Amino acid sequence: MGTPRWVKISGLVAVVVLVVFVVVLIVGGGEHGPGRHSPGGHTGPPPGVTHAQP
Amino acid sequence: MTPGLRKFVLTAHISVSAGWLGAIVAFLALAVAGVASDDAPTVRAAYLAMDVMGSYALVPLALASLVTGLIQSLAGPWGLFRHYWVVFKLLINVFATLVLVLYTQTLAQLAEIATQTTSLSVVRTPSPLLHACAALLLLLAATVLAVYKPRGLTPYGRRKHA
């Protein structure tokens, strides 16, 4: 009794999704995570942005 | 483990896992409001709420699901590495929890931006929406595995079974 077909198909889908993710990451400049949401990767407000009134 | 205790752990695992799934759906609603609403206070509030929800609902539920799942499989008849469906569920749970814990940093940063800026174009990002959709798909896949329990022993399971 070998590996079931559903395991092979699911594994293949997982690998394809992972490869697509890595390719998108590389094409997108390798930035992923908190840093990509603010210019320069710092945690403060983006430069030139108006501060909200309290 | 006694049958009574095993049922208690199973009940806890189902409860926290269903809670995790429900919390993701609620998070998804906030993520949609964050990208689609025209009301500035609603958009900013959505990012603040997503940050709180991530740290105080999603992460605890994810960790509880992982821990109760581990106890359930190790103490129950299925084992942790004997059946492919259990291994797949474990991988999904570990991966989703890991990404979620890392993503709380992004949510904190998005909430900070939402409190400090008035420009909606700066605050808006599809990132929480994409992550919530991916999480929903993964947890639905885990639910399907848990319900259908597709056949298939791992090589380790076959050795144990022989």
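pLDDT is the predictor's confidence in each residue, from 0 to 100. The views below come from a predicted model, in which local features need pLDDT of at least 70, side-chain atom pairs count only at pLDDT 80 or more, and totals for chains, interfaces and linings use all residues. Residues are numbered from 1 along each chain as its sequence is written, and chains are lettered from A, and ligands numbered from 1, in the order in which they are written.

View 1. Over residues 39-54 of chain A, pLDDT stays under 50. For this stretch the model has 22 contacts beyond four places in sequence, two residues being in contact if their C-beta atoms, placed from the backbone, lie within 7 Å. The average pLDDT of chain A is 71, and 50% of its residues score at least 70. For the complex, the predictor gives an ipTM of 0.76 and a pTM of 0.85.

**View 2. The helix of chain A.** Chain A contains one helix and zero strands; helices (H or I, at least four residues) and strands (E, at least two) are DSSP runs, numbered from the N terminus. Helix 1 of chain A covers residues 5-27, which is 23 residues, and reaches 33 Å from its first C-alpha to its last. That is close to the 33 Å expected at 1.5 Å a residue, the expected span being 1.5 Å times one less than the number of residues. A residue is buried if 20 or more other C-beta atoms lie within 10 Å of its own, exposed if 12 or fewer, and partly exposed in between, with C-beta atoms placed from the backbone. The number buried among the 23 residues of helix 1 of chain A is zero, so this helix lies largely in the open. Of the 54 residues of chain A, 2% count as buried.

**View 3. Chain B as a whole.** Chain B has 162 residues, of which 33% are buried. Among its contacts between residues at least 6 apart in sequence, 80% join residues at least 24 apart. Chain B averages a pLDDT of 94, and 100% of the residues score at least 70.

**View 4. Helix 1 of chain B.** Helix 1 of chain B has 34 residues and reaches 49 Å between its first and last C-alpha, close to the 50 Å expected. Its buried residues include B:Val9, B:His13, B:Trp20, B:Phe27 and B:Gly34. The buried residues of this helix pack against helix 2 and helix 5 of chain B.

**View 5. The largest nonpolar core.** A nonpolar core is a set of buried Ala, Val, Leu, Ile, Met, Phe, Trp, Tyr and Cys residues joined through C-beta atoms within 7 Å. The largest one has 33 residues, and those with the most contacts inside it are B:Trp20, B:Ile24, B:Phe27, B:Tyr47, B:Met50, B:Leu58 and B:Ala62. Helix 1 (3-36), helix 2, helix 3 and helix 5 of chain B each supply at least two residues of this core. Helix 3 of chain B gives the most, with 13 residues. Leaving aside neighbours within four places in sequence, B:Tyr47 is in contact with B:Gly34, B:Leu110, B:Ala111, B:Ala114 and B:Val123.

**View 6. The kink in helix 3 of chain B.** Helix 3 of chain B spans residues 84-116 and reaches 48 Å from its first C-alpha to its last, close to the 48 Å expected. A kink of about 30° is centred on B:Tyr103; the bend at a residue is the angle between axes fitted to the seven residues ending there and the seven starting there. B:Thr104 is also in helix 3 of chain B. With 16 C-beta neighbours inside 10 Å, B:Thr104 counts as partly exposed. Beyond four places in sequence, B:Thr104 is in contact with B:Gly54, B:Ser55 and B:Val59.

**View 7. Two loop residues of chain B.** B:Trp78 is in the loop between helix 2 (40-75) and helix 3. B:Trp78 counts as partly exposed because it has 15 C-beta neighbours inside 10 Å. Its contacts beyond four places in sequence are B:Ser73, B:His83 and B:Val86. B:Lys149 is in the loop between helix 5 (127-148) and helix 6 (155-161). B:Lys149 has a positive phi of about 45° although it is not a glycine. Most residues other than glycine have a negative phi. With 13 other C-beta atoms within 10 Å, B:Lys149 is partly exposed.
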